[in-house]
Amino acid sequence: MNQLVHFETPKPPAPELVKETGRTNDPARTMANILEVAIAEFSLKGLAGARIDEIAAATKTSKRMIYYYFGSKEGLYRAVLEDIYRRMRAIESGLHLADLPPVEALKKLVGFTFDHHHDNESFIRLVMSENMQRGAYLSQSKSIQGLNVPAIAAIQELYDRGVATGVFRTGLDPVDIHASISALTFFNVSNQHTFGLIFSQDPTSPEAIAKRRQNIIDMVLRFMLA
């Protein structure tokens, strides 16, 4: 998941910012570094608790440079939300689901989603944070819907192939399938602490994680099988 974000037209640093920070010719790397640190800061403290000063110090930039690239604290937060979805979808597109039989493609997709969420708690925390904001900042994004179109298209493609070969039942909606996969793989990370305490279990043990992963794959598969 530690990919650098590639910006099509990164802003060159203003002359006064070049003098201030010593960064002269790699704005894309600077912006990617800021985003990396901002993901951790916003995921741990939320929009209200995050501090631009701390992000600037950790990236050896300045508040002025961060504001130059992202406009404001809210603009950086919005860029972080876009980035975490962009990263996930970029990896997802490399699964090559269309090359697999429908059932195997579905298993791979569910397993990938489970693994991604398990390995990226910051993603879960940021999505939870934005839901607490009722999607106020993500709704301002010009790219978020486009970023998620390929995810639904991939599910539609594998589902249609499964229906055509008689392995999947008819009448299912790809967005609903996506929602079901997301719900099952999201909960075991978002609620792991409270759930474990309430039921005196350790949902973070390797055995529990492996069992839960397989159970979720089985549940989604049985839901879709003809």
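This report looks at the salt bridges in a predicted model.

## The overall count

Let's start with the big picture. Side chains of opposite charge can pair when their charged atoms come close. Searching the whole structure turns up 10 salt bridges. The sections below visit some of them.

## A partly exposed pair

Lysine 45 and glutamate 54 join through their side chains in a salt bridge, with a distance of 2.6 Å from N to O. How accessible are these two residues? Glutamate 54 has a relative accessible area of 40%, and lysine 45 has a relative accessibility of 38%.

## Two pairs within helices

Helix H5 spans residues 73–93 and holds both arginine 89 and glutamate 92. These residues sit three apart, which is about one turn of the helix. A salt bridge links them, and their closest N and O atoms are 3.1 Å apart. Are they buried or exposed? Both arginine 89 and glutamate 92 are buried.

Now take a look at helix H6, residues 102–119, where glutamate 104 and lysine 107 are likewise three residues apart, about one turn of the helix. In their salt bridge, the closest N and O atoms are 3.8 Å apart. Lysine 107 is partly exposed at 33% relative accessibility, and glutamate 104 is partly exposed at 41%.

## A linked network

Which residues are linked in a network of salt bridges? They are Glu36, Asp83, Arg86 and Arg87.

Conventions:
Residues numbered from 1 in each chain as written. Predicted model: local features only at pLDDT ≥ 70, side-chain atom pairs only at ≥ 80, totals over all residues. Heavy atoms only, no water. Salt bridge = Lys/Arg side-chain N within 4 Å of Asp/Glu carboxyl O. Buried < 20%, exposed > 50% of the residue type's maximum accessible area, 1.4 Å probe, protein only. Helix = DSSP H or I, 4+ residues; strand = E, 2+ residues; numbered from the N terminus.
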